[in-house]
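Dear colleague,

I am handing over a structure for you to look through, and my notes on the contacts between its chains follow below.

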There are 4 protein chains.
Amino acid sequence: MLLNTISSKGLAHHSYLVGDQAECAVIDPSRDVDRYLDAAAAAGCRISLVFETHRNEDYISGAQDLARRTGAVVWRGESPAYNVPYARVISEGQAFGFGDVRLTTLRTPGHTDDSISIVLRHLATGDDPIGVFTGDALFVGDVGRADFYPDRAREVAGLLHDSLQKLLTLGDSAIVYPAHGAGSVCGSGMARRELTTIGYERANNPKLQLDRDAFIQAKLGEHHEMPPYFRRMEQANAHGPSPLERLPDVQATTVNAASEALERGAQLLDLRNDQAIAGASIREAIAVPSDMLASFGGWFLRDDRPIVLLLDRSSDLQEVVRTLVRLGYDDVSASVAGGFEAWSTAARPVQPIDGLDVHELKRRLASREPPVLLDVRAPDEFESGHIESARHVYVGRVAEAVDSLRTARQIVTFCGTGRRALIAAAALRRLGLDDVAVCWGSMKAWKAAGYPVTGAKPQ
Amino acid sequence: MLLNTISSKGLAHHSYLVGDQAECAVIDPSRDVDRYLDAAAAAGCRISLVFETHRNEDYISGAQDLARRTGAVVWRGESPAYNVPYARVISEGQAFGFGDVRLTTLRTPGHTDDSISIVLRHLATGDDPIGVFTGDALFVGDVGRADFYPDRAREVAGLLHDSLQKLLTLGDSAIVYPAHGAGSVCGSGMARRELTTIGYERANNPKLQLDRDAFIQAKLGEHHEMPPYFRRMEQANAHGPSPLERLPDVQATTVNAASEALERGAQLLDLRNDQAIAGASIREAIAVPSDMLASFGGWFLRDDRPIVLLLDRSSDLQEVVRTLVRLGYDDVSASVAGGFEAWSTAARPVQPIDGLDVHELKRRLASREPPVLLDVRAPDEFESGHIESARHVYVGRVAEAVDSLRTARQIVTFCGTGRRALIAAAALRRLGLDDVAVCWGSMKAWKAAGYPVTGAKPQ
Amino acid sequence: MLLNTISSKGLAHHSYLVGDQAECAVIDPSRDVDRYLDAAAAAGCRISLVFETHRNEDYISGAQDLARRTGAVVWRGESPAYNVPYARVISEGQAFGFGDVRLTTLRTPGHTDDSISIVLRHLATGDDPIGVFTGDALFVGDVGRADFYPDRAREVAGLLHDSLQKLLTLGDSAIVYPAHGAGSVCGSGMARRELTTIGYERANNPKLQLDRDAFIQAKLGEHHEMPPYFRRMEQANAHGPSPLERLPDVQATTVNAASEALERGAQLLDLRNDQAIAGASIREAIAVPSDMLASFGGWFLRDDRPIVLLLDRSSDLQEVVRTLVRLGYDDVSASVAGGFEAWSTAARPVQPIDGLDVHELKRRLASREPPVLLDVRAPDEFESGHIESARHVYVGRVAEAVDSLRTARQIVTFCGTGRRALIAAAALRRLGLDDVAVCWGSMKAWKAAGYPVTGAKPQ
Amino acid sequence: MLLNTISSKGLAHHSYLVGDQAECAVIDPSRDVDRYLDAAAAAGCRISLVFETHRNEDYISGAQDLARRTGAVVWRGESPAYNVPYARVISEGQAFGFGDVRLTTLRTPGHTDDSISIVLRHLATGDDPIGVFTGDALFVGDVGRADFYPDRAREVAGLLHDSLQKLLTLGDSAIVYPAHGAGSVCGSGMARRELTTIGYERANNPKLQLDRDAFIQAKLGEHHEMPPYFRRMEQANAHGPSPLERLPDVQATTVNAASEALERGAQLLDLRNDQAIAGASIREAIAVPSDMLASFGGWFLRDDRPIVLLLDRSSDLQEVVRTLVRLGYDDVSASVAGGFEAWSTAARPVQPIDGLDVHELKRRLASREPPVLLDVRAPDEFESGHIESARHVYVGRVAEAVDSLRTARQIVTFCGTGRRALIAAAALRRLGLDDVAVCWGSMKAWKAAGYPVTGAKPQ
């Protein structure tokens, strides 16, 4: 049996290649489909089927491109309101076989109406399910979001509950292969572990300990961010995204040419690491460290303007381009040759963003003119414990709060470790605020130092 | 949680790196320990513990070297007759923790007296076992051999049965991480799949469907090959194998220098692929295609003489050297520069080994002077169906049969696919038989052609 | 200064990336242009110019595709009869600059009418030429062919002479960067060394020791093979080859599906190594070991039929596809999953091709019924020394000789090392001859054994 | 002919593998000799000779280790005062051959007494020198330092002159293969280009345009830095450095364990990039960005204390360890797991180093209380043009100047691009100065902005 996990790092998205030695299926391909073609070629295996377990909001599907390039057939669940021209509609219990490997469909709606799970059997050793690809229904330690149909919130939470119960009937011994892992925007409570089983989740997943009503209540009480690009992904995936023959060709560009592109409306995307951005920031740039791009880029980047990249290292280029393409940003026109050194030696303005450790933060907060402490974590993180004087605005939404911050003498941004705080600080700087500082280490350091936290839920 | 599988291909051996983000254990390291050090460095994780799940017969353990290079402590199970100076003896239920990862020992004797399993928990999500490292007790679709204590055969089969029952108590939902996969000499019925769970094996593993007596009877009825190097591995692993600072440096050598080395007693190891060996064979060489070296090299190579390599491609060198070192062949002195082309253009004698497809085999067997058909598969493969006139000798034991074959007009070697048949044919040629041919495709082709098979067990 | 050599192995073709840190030119790109884009991205350098030093016969140019994907301008020399729509015509002495790097054109016709050389200067250190890209005018130890205009043979030989004299005026210290190295079909006397200088060639290149008349006479006396695909390349390069968005997607295929494809007209291309092809040959396949594909594939493959690959290792796939695409074979539809093992275990017919070493060849030639010895080397190799009884037919032309060979009892093919002999033997077998054998080691072994050679030119 | 350049990036050091297909020599190996063994294995080539072109001050030689691991013989030039036990003394004109490749020695003293050059011939194509390995005698655009024997300064400058004249007799067409390229501490005027020829240097190298007296005068007038570790390298290379079985094993370590190591005397080496160090600096660390480590690490690191690494990315680890080992820092005990994020979230103190662009620098310099502008470039760079008010102290020597700087209100460090300025700023901070800032872009930006420069030599 062939079973490869192919992950998209920042998205914390897992896709799978599953089959026997000669033929296989791909489950939930991302848009840079060369990865699946290469993996199949290495395995000497033909891709003949593609499954989408559900409508995707957080990335653009590669199903259509993969089908076009391999002749594979795309299958997906039914959704009255979401007709996907490039796919066939799968029915409950529909079975597909490759040699002694068998895949069977389960309809598991709730996260979306068209959500399916795919049960894996290895007939060489028995008829029991050996695993199940659960899409966004069941994760390691969490379950899928159920907030995509706000006017049917209670109904879909119930649907998800019932789908999860259906998954439990597969038996404790089935291994769970979810579409996302820890770090995904598609859930917040996922465990930092790749694998789990139905039985383990039945016994330990907090959401699976609740009865139907309690489950619905819990889901209604959840708050998830809905980044602005979700709607765009959803539309693109419905109609079939524009074909992508290959990754965009990103040519190097001089600082001068880059500056001209910016004047003509391009966006400068500064992908250096957080400390480097703070050390010497470029005010006009959208600053998101490259390893945070998948999670936070979509909050700041526009999709109707070309993107010019500024990278720490040219070896990062390919992974950055893959991430952008997965999010539907195809117009990556250029990368600044020589990176920051070229930028600064061309006498372009740069300025530091002030930074402080938690000890200095504590001193300043205790001073007579304390700064505004802006905690940019997710609402549930904030609620689970914060510094007393902190004001909460989610990192992706600082633009909405900027007007109310203009009068502040100084703003210190704060998050779990300092990394999101830096993104927020750079965004505020770009929006015209001058005295912005970032707190390195943030809450994790604050706690390590033994400083007091307010509003922490008892654990 | 960090959980990496690091496999040794030909041995079908799996070792594991398991821990949290800062610290980890290695379970059953092979002797080329740089792999674990590199994986730990990539993960930014310190190796502080090493476990051996059992005494190893099929490869040399890297536990001692890994401990020496990292400061880690080696732990292993107790065995009265097998005192390992470099390790501490673990006790039942002994627990080790890395952050929220917990490892606990289970004594699971039977395969060997010192066999242990290691239960994995992820306290971040619950107290239930999420997995278990089963060593050579439980495999995917099979259980361990129990033939290493011939005078206690019944007793150890019973011990293995009880150990497996003990593993079943971990619950259906625990994932099984075995020390071997399909292709290993440590079992014959393993499924071609990496993962399984306790529950799946409980319900589907043929050996776990038997009661204690039937299990013992079944184990007593098994026949496993006991290659000559097993005893050597066992001894080396007991006393602590000689330290290996790094992989041996293998220099290129000219054909002339190689020939001189052979005259001084070195062994020429021809690692070309099977068809190439047949196309132009070197009579004096031990011929084992590189991807079969781990399984069959130990049957033919002596450990008291230097080895000179002849490779298809110089890029294979490192993997070949790793495989040899894992088997305790450290004296790999040289590799013939230019490979076969250099050998043949130096006017060294080469000859083809005749080859035939199954259609030609059928014709020859039906002729008036049919060849001797030598089936070199494992006994249980032979017993599950063979060509009527075939004579059985296991590929590793053809030297023992060579005298009885000298009178044969022609010998055709035969196996499952032709690959072991080629090794046998080359071995017979080396032992002085001239008219030896190999049947390409062998039993798989014979069946595909619809030709008759004798003695097949009903399925 | 940036100066990267990007070579196409089998073609022994060199292309170059040359520029400064921000911008560069590509000289003589092959059709798989991703290599140049990747190299430029790694260097953080924009490709803004593409040069073709001459009309290419031995591969398809990537100039047009590279221009399309980068916005670069293509420049090439003038040729009245060869109008290339995608390029601008360069004039003598035209200069291009990147920072302190300067490129200047020299018209150097002879190999082709449009041949140019490009002189490299590094103004940071001086005005003298530091190197020159000589295309197919001057090689290491040889000069270009001058046989592409048969009715103007004397004239173009003279043109080439004059162009070489012009190159000599650049001064002894200029480094020579040719478009081809040893092994190319574009010359036969190239030295096995990457680099040379104008001065070294002036003093040591045999062709540069001749006066104009002697040079012309020598060129007229040369014999070069003109493979059937040269004309096709020439045409494609003139009109602009069809755009190649990316390398073809080659899916794995089962033996059955491959067989069906062959019945519908596809060509099976057996790329295993020479000894493997001999050990178990597939009669219907075109057999060319993968590392000889660039030099010999074009003699045997048709460009109007799909190609199905049979590979030793799936890791060879990409390099094979690149080679085929460079030769204009874009319709590479599939690769047999499982390679030879799959083929043979599917009970498809295979047969060995007999092989003998030179000692056995000597015995057979001395026997009463000696085989026909077919020497398939190039004419000049044959003329420089052969076995007395040998008959000469070039490896690429055995099909033309097959009828005259049908009466032979046995044919033994023979070349420099046995490698081309195997290709010839397989081709003859495919054309219906049964008793064909290959001589391993061939002339190099024959000489090493001290056996007599006829017709050797005194050295 | 085999000719591979194997470079050590930061050192800008070139070593060479040269030979034919079966056997080769290594010229000037660095201490991480696995690179040569791997390259030779890939080429299928035996290493039988090792040459040292001169006594090395800037790195530890790998000659002894390479000889030990391959059986090769080490050859080097004669020096009365520098007896190297592991090498044989080569004599003028001594010749070594591999097939048609010939290496011949030229004594070329001056840089050191034992300096030799090695002339390369390819007899297959002619008797003329095709190249010459010039060690530290002749570089691309520069010649070697002649300041290692201060009391014989005039004499050795003359020796170097004569050696260079001797090299010129090899003829214009010989290609030059030097031991160093641009960026090396062994010369300051090297061109940013890999290759050159004797003829090109004869005509364009500024030093080769001078007569003997002028040459000596010029060399006497040069100023080169003599880092503190030169003497250490010299000694180690004389006696034979301690054998290095393999690269040191660097284990990950927690922040706590690292802190304990620091308390016991270990040095924390902060290898993040310059902007990151500025953004959040760790006062107690020696801060040198990883790509500057080879050039500047030796100025700050002690060789009698363990080193703990703090890296941007764990993938940098191997290259960093190689660089340290080349400089003789073998005691690399650990690397901080999780890097800066781990450090800051453990509530360890961090502080920014202030940064300014050249526009802000200009404003501050014009203010009433201008900062001290500390230009840390090499003396000749400073002399070729600086900002009027700048004070000069070389980056490696800021510790010597720190006392005189304690009274300054603010110090702004300044160099060519800002990169060395950051190293200097961090060093000053570590030495107790608080108000230190770095000027991003430094002189290159200053000039790009059109701001005035003093003392610039007319060009």
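How much area do chain B and chain C bury between them, and what part of it is on carbon and sulfur atoms? Chain B and chain C bury about 2500 Å² between them, with 53% of it on carbon and sulfur atoms, where buried area is the accessible area (1.4 Å probe) that two parts lose on being put together, summed over both. On the side of chain B, the residues that lose the most area to chain C are B:Q275, B:R313 and B:T345, together 24% of what that side buries.

Please bear in mind that this is a predicted model, in which local features need pLDDT of at least 70 and side-chain atom pairs count only at pLDDT 80 or more, while totals for chains, interfaces and linings use all residues. Residues are numbered from 1 along each chain as its sequence is written, chains are lettered from A and ligands numbered from 1 in the order in which they are written, and side-chain values use heavy atoms, with hydrogens and water left out.

In terms of contact (heavy atoms within 4.5 Å), 33 residues of chain B meet 33 residues of chain C. Between these two chains there are three salt bridges, a salt bridge being a side-chain nitrogen of Lys or Arg within 4 Å of a carboxyl oxygen of Asp or Glu. B:R313 forms a salt bridge with C:D316, and the closest N and O atoms are 2.7 Å apart.

Chain A can be superposed on chain D by a rotation of 180 degrees with 0.0 Å of shift along its axis (RMSD 0.0 Å), by least squares on the C-alpha atoms of residues with pLDDT of at least 70 in both. The two copies are therefore related as by a two-fold rotation axis.

Best wishes
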